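Open the structure in your viewer and keep the selection tool at hand. The tour goes from whole chains to interfaces and then to single residues.

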Amino acid sequence: MYLSTFFANATPALPEIALLSMTCIVLLADLFFSRLCPRIPYYLTQLALLGVICLSLCALNKPQTSAFFGMFMADPLSSLLNVFICLTSLFSFLYARSFLEETKMPLGEYYTLGLFSVLGMMLMVSSQNFLPLFLGLELQSLPLYAMIALRRSSGIASEAAMKYFIMGSLASAMLLYGISLLYGVTHSLSISEAAIIFSQGTATHNTVFACALVFIIAGIAFKFGAAPFHAWAPDVYQGAPSIVTLFLGSAPKIAMLGFTFKFLVQAMPTLQTQWQLFFIILAVLSMALGNIVAVVQTNFKRMLAYSSISHMGYMLLGLISGTQAGYAAATFYIIAYAFMTLAGFAMIALLSKAGVEAESIKDFQGLNYKHPWLAFLVMVVMFSMAGVPPTIGFFAKLSVLQALVQVDLVWLAALALIFSVIGAYYYIAVIKTMYFDQPEKSTPFPTLPLDATIAISVNGLLLLILGLFPSGLIELCNKVFL
Amino acid sequence: MEQLISNITIAIVLFPLLGALVAGLLGKKMGCTWSHRATIFYVFISFVLSLYLAKLVFIEHIPTFNLVVYHWGISGGVGFDVGFLIDQLSVLMLLVVTFVSLLVHIYSIGYMQGDPGYQRFFSYVSFFTFAMLALVTANNFLQLFFGWEGVGVASYLLIGFWFNKDSATAGSLKAFIVNRVGDFGFLLGIAAILATYHSIDYSAVFAQVDTTLSQTITVIPQHPWSVITLISLLLFVGAMGKSAQIPLHVWLPESMEGPTPISALIHAATMVTAGIYMIARMSPLYQHSPTALSVILVIGASGALFTGLIAIVQNDIKRVIAYSTLSQLGYMVAALGASAYTAAIFHLSTHACFKALLFLGAGSVILACHHEQDMRKMGGLWKLMPITYLTYLLGSLALCALPPFSGFFSKDAIIDAVHQTTIPGAHYAYFCVLTGSFVTAFYTFRSLFMTFHQTPRYDTAHLHPHESPWVVWLPLVLLAIPSVLLGAWLVKPLLFDTPPLLAQSVVPHLMESPQTAWSLMEESIHSPAFWLVISGIFSAWLCYIAFPALPKFFVRVLSLPYFILIKKYGFDDFNRVVFVDGSKSLAQSFSHTGDQVVIDNFFVNGSGRAVVFLAKLGRKLQSGLIYHYSLLMAIGLIAFLILILWPLKG
Amino acid sequence: MLGQYLPILIFILLGIVMGVLPILGGWILGPKKPNKEKLAAYECGFPAFEDARLPFDVRYYLVAILFIIFDLETAFFVPWAVVLNDIGWFGFWAMMIFLGLLVIGFIYEWKKGALEWE
């Protein structure tokens with residue numbers, strides 16, 4: 001087999017291969033040309049992501065095709081998730097640039113690590129075998145640990161990185177143990193083969209399988225940051241620089257959803273009754289803990305961290321329903337959530353002055369008097385997170401609740417509503433702070449970089465526009481599950 | 001072609017919104033001149049495009065155009081769409097709305113000059129135009145309701161435009177609250193339609209009407225109602241609110257606290273006729289419910305007579321016209337009740353022109369008298385303001401329904417229709433509308449004489465009224481033309497052609513014999529209505545020109561009826577005592593016991609305290625130590641394992 | 001059944017013996033004249049039983065990590081070379097791509113000065 005045929009075999013993986021090549025180029029360009037043009041890694045990174053978005057969009061309507069001896073599979077779902085993984089990464093890299101330059105963090109390393117992480121995420125949604133899936137997960141996580149610690153002067157960031165690393169290793173270990181047990185049950189690492197074995201109905205009612213399931217779910221729950229495996233989230237979200245937080249809070253969650261689909265939907269299509277209960281517990285705990293504890297937070301980043309825990313709870317509701325509509329709703333929710341998180345943390349990054357982050361809710365006091373447009377955008381984000389129409393957050397919540405009601409889990413939907421009422425309190429408290437409180441002291445307002453300002457405007461308005469015209473995205477999410 | 005019409009319609013509807021946004025958001029930066037230029041320009045475009053649509057529909061006879069533009073959402077199998085229905089009726093309404101709106105925009109340049117809220121005013125008026133256009137072009141009930149509420153909001157904002165004035169804010173509040181009552185019925189009506197027909201699309205609903213003729217619904221046990229009657233009556237409640245029918249008419253006189261151009265545009269020509277339009281649009285539905293038609297007929301006819309009577313004792317020039325509007329709306333509703341939908345729409349169109357003319361004329365007078373509205377402090381203005389006087393006179397003649405002015409043809413059609421109908425209450429209604437024409441003539445000319453004739457009663461030393469600037473009188477002249485001619489021009493195509501002009505939109509009303517404008521005028525000499533009008537004008541002349549002492553004599557002799565009229569039949573007092581005071585005391589008691597003790601203290605603060613308590617507890621979990629976190633994870637894992645392994649064991 | 005694992009047992013025992021024997025031999029045979037220099041930790045390590053927060057030179061770890069990467073690469077190469085005839089050109093190119101990626105990493109660490117001790 002010659003080189004050409006080698007690549008012909010690999011066409012479904014074209015976006016991934018392109019991204020890998022571009023990552024290497026970014027790395028080398030940073031080495032050799034950063035003296036000439038310090039921003040070259042940044043430009044190349046964004047170019048790479050744009051290219052991958054285009055490639056994934058082209059693949060969106062193609063039927064599923066596998067490559068690398070069935071280890072890899074490109075289907076509409078993975079293409080859709082790839083598009084949004086890259087899109088959210090693109091936004092987060094955009095927000096990061098000015099902060100990186102201001103605090104003199106190494107630009108090249110940051111973007112190279114980021115791209116490697118994106119590559120890991122793409123593998124997580126496209127692999128068709130447990131082993132590459134796990135490798136993708138690790139490839140996604142390891143650069144993140146480094147990115148958090150990249151700001152070496154910050155003690156809290158190092159602490160966050162250390163915590164995330166240790167806890168993450170623990171979770172990876174659980175997941176890997178679960179996978180190995182699963183291998184013991186199915187004698188195969190291929191998802192397709194596992195699906196066939198599980199559909200035969202034998203081998204699922206034994207202790208080994210039960211343990212495997214629990215370990216895998218625990219690993220997944222950790223990566224989502226769902227309670228009670230959430231403990232790392234507030235510390236890491238707060239400790240990491242905002243530009244890293246907005247990256248690690250958005251794109252990896254999308255990838256993680258794809259990862260979960262691989263395990264629970266594609267490999268165990270018939271075992272929904274077995275894992276449903278766990279997800280109900282995870283969802284209820286996450287919604288309760290996230291929303292309730294967020295109420296007393298004074299740190300904006302920490303509040304958003306708890307809010308993200310609660311959002312993961314809502315997203316899991318879509319999975320619980322176990323229907324196509326539910327999976328589509330979960331996908332829609334995670335995409336909406338990713339954009340909301342991006343905008344929320346981007347605000348903190350934008351408002352930070354000379355490397356000091358504006359992370360206290362007090363820093364937003366009277367924002368409306370200083371910068372009405374930014375205040376408006378924060379308001380949109382907060383309303384969207386609270387699920388107030390006409391923002392995308394409303395339709396996201398609506399669709400997961402609809403999916404629940406369709407499978408007669410009305411009590412769960414009602415519970416979710418009650419928690420979202422509690423959640424509304426702290427989101428709207430931020431709006432109140434911005435609009436009705438006087439600014440504390442007349443500190444000079446930071447000059448906002450133009451590109452990031454435009455990006456945050458686009459991002460914020462996207463929440464609004466997708467809320468007014470949600471049907472396109474909803475249909476897209478539905479289509480990939482048909 | 002479809003694409004073209006759809007684009008034109010979208011443009012017609014959205015351009016005024018654009019104008020509203022431009023004037024509202026950028027008004028302060030652009031200044032007054034550019035604000036009114038921008039809004040007038042956008043409304044002008046809408047008007048021209050409406051004319052083009054009218055050409056397509058009336059001359060080229062394109063088929064009814066019904067297109068969904070955007071699927072907003074689907075719930076329970078029912079689509080909620082944005083869509084447009086372009087047929088003769090909606091195009092006629094488009095023309096009326098954009099024409100009057102354009103003139104009112106122009107007029108406001110003069111009337112609102114120097115007002116601190118100048119740009120805001122133009123923004124609101126343009127927004128109103130947008131909402132009204134959305135209402136008349138809707139092809140489904142949801143969009144209808146959207147426009148319906150939109151005009152309500154605009155009306156509220158504009159009545160309370162001078163929000164520093166207590167009476168204006170009170171008036172706006174009253175208009176809003178009374179309309180809520182109507183809207184409640186309207187919304188229930190839409191819900192009933194949704195429940196019965198599983199669609200909110202006009203065409204889909206009308207297509208199914210025949211299948212539900214005998215369907216009944218039991219609201220009160222043992223009393224089944226016809227579904228169609230229920231829907232019709234509920235929708236009519238909405239129309240009663242918006243079109244100010246007894247007993248929900250009380251807000252319209254108060255709405256005169258707003259600027260006069262608003263009274264002309266919203267509270268005479270367009271918004272208050274939305275109810276008429278809606279029922280005419282629903283005529284395929286109403287046609288099957290004689291009960292509902294009877295109710296409509298009686299309420300409309302009562303309004304036509306009794307609100308007209310109040311106008312006789314009013315001294316505020318705008319209030320006279322406001323009560324006259326109530327009376328004319330009563331005529332239109334009576335026509336609907338008599339199944340003469342076309343006649344109602346006909347009167348709607350002519351009324352829009354001459355009533356807007358009268359209001360704008362009154363505004364011109366008010367402007368000249370430095371915002372004095374009391375007719376007792378006017379008089380003898382005809383020499384000083386010839387253009388205003390002439391146009392006002394033409395408007396008055398049209399309102400009195402004297403041939404050959406436009407009001408004659410439309411009102412004649414209504415009286416004729418009420419005369420012919422045989423549903424219960426027809427005799428009473430005929431009496432009302434006939435007597436009403438005498439009353440109309442009397443109060444109209446009373447106000448004309450008191451304002452423009454008689455000796456001047458204003459402070460001649462300080463006040464020197466003069467003719468208004470051209471931006472004010474030009475719209476008067478432009479409105480005077482259709483006030484005179486529109487009736488004669490439209491009467492034949494609307495009522496006597498086969499098929500009639502609006503045949504595709506509303507259920508046509510059968511006329512006895514084909515007539516022309518000329519033959520109608522000839523016949524009118526022999527009709528009682530004509531002579532009642534003449535005698536009304538003559539009586540007004542007697543009382544206010546020939547023997548000015550006469551009115552005082554009548555007040556003394558007829559003190560009880562006078563008192564009743566001054567008190568407006570006690571509607572306001574009744575509302576105040578029963579609804580306002582009653583709901584206040586009810587609210588008071590709820591507020592004390594229910595709200596403060598139970599809800600505030602127990603539920604709101606209690607749940608808040610509980611949440612904060614739990615949150616502080618949850619916070620303790622977050623120690624910041626890795627081994628605590630790991631322990632938490634391990635506990636979770638073990639709990640899960642127990643959960644799944646326990647049943648397996650047993 | 002269990003007999004199949006006999007070679008493994010022998011392998012383990014042999015491993016233990018190979019590890020323990022030199023240490024034992026050195027301990028028994030070698031002369032013992034300890035002094036301060038001799039008891040100090042080796043140059044590349046640091047005291048094992050000291051305060052955990054002792055500052056240490058990160059370069060040791062850098063070198064160790066770099067070493068492990070290329071060490072594993074070698075471990076990868078040996079089985080590949082053995083079966084190269086069976087896996088053909090596909091296997092060849094797969095390894096070349098892997099090698100290329102490693103080279104890029106190598107260029108990076110070289111250029112960044114990770115290989116310089118000072």
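A polar contact is a pair of N or O atoms within 3.5 Å; within protein, one atom must be able to donate a hydrogen and the other to accept it, and residues adjacent in sequence count only if both atoms are side-chain atoms. By that criterion, chain A and chain C have two residue pairs in polar contact, both at pLDDT 80 or more. The pLDDT is the predictor's confidence in each residue, from 0 to 100.

This is a predicted model, in which local features need pLDDT of at least 70 and side-chain atom pairs count only at pLDDT 80 or more, while totals for chains, interfaces and linings use all residues. Residues are numbered from 1 along each chain as its sequence is written, chains are lettered from A and ligands numbered from 1 in the order in which they are written, and side-chain values use heavy atoms, with hydrogens and water left out. The model has an ipTM of 0.88 and a pTM of 0.66.

**Stop 1: whole chains**

Select chain A. Its secondary structure consists of 21 helices and two strands, where helices (H or I, at least four residues) and strands (E, at least two) are DSSP runs numbered from the N terminus. Of its 482 residues, 65% are buried; buried means under 20% relative accessible area, exposed over 50%, and partly exposed in between, with a 1.4 Å probe and protein chains only. Contact means heavy atoms within 4.5 Å. Among the contacts in chain A between residues at least 6 apart in sequence, 80% join residues at least 24 apart.

Switch to chain B, which has 24 helices and four strands. Here 56% of the 650 residues are buried. For contacts in chain B with a separation of 6 or more, residues 24 or more positions apart account for 79%.

Now select chain C and colour by confidence. The mean pLDDT of chain C is 83, and 86% of its residues score at least 70. Where pLDDT is low, the predicted coordinates should not be read in detail.

**Stop 2: chain A against chain C**

Show chains A and C together. On this interface, 14 residues of chain A are in contact with eleven residues of chain C. The two chains bury about 1,400 Å² between them, 83% of it on carbon and sulfur atoms; buried area is the accessible area (1.4 Å probe) that two parts lose on being put together, summed over both.

How many salt bridges are there between chain A and chain C? The count is one, a salt bridge being a side-chain nitrogen of Lys or Arg within 4 Å of a carboxyl oxygen of Asp or Glu. Pick C:Lys112 and A:Glu109 to see this pair, at 3.0 Å from N to O. Next, highlight helix H1 (3-8) and helix H2 (14-33) of chain A, each of which supplies at least two residues of the side of chain A that touches chain C. H2(A) provides the largest share of that side, seven residues. By class, the side of chain A that touches chain C has twelve nonpolar, no polar and two charged residues; Ala, Val, Leu, Ile, Met, Phe, Trp, Tyr, Cys and Pro count as nonpolar, Asp, Glu, Lys and Arg as charged, and the others, Gly among them, as polar.

**Stop 3: chain B against chain A**

The area buried between chain B and chain A is about 2,900 Å², with 80% from carbon and sulfur atoms. Select B:Gln622, B:Met633 and B:Phe640: in chain B these lose the most area to chain A, together 25% of what that side buries.

Between chain B and chain A there are zero salt bridges and four residue pairs in polar contact, both residues at pLDDT 80 or more.

**Stop 4: two single residues**

Centre on A:Thr391, in the loop between helix H17 (372-386) and helix H18 (392-406) of chain A. A:Thr391 is buried, at 2% relative accessible area. Its side chain reaches the backbone oxygen of A:Val388 at 2.4 Å. Leaving aside neighbours within four places in sequence, A:Thr391 has contacts that include A:Phe383, A:Leu463 and A:Gly467.

Finish at B:Trp225, in strand S4 (residues 223-226) of chain B. B:Trp225 is partly exposed, at 37% relative accessibility. Not counting residues up to four places away in sequence, B:Trp225 touches residues including B:Gln215, B:Ile217 and B:Leu230.
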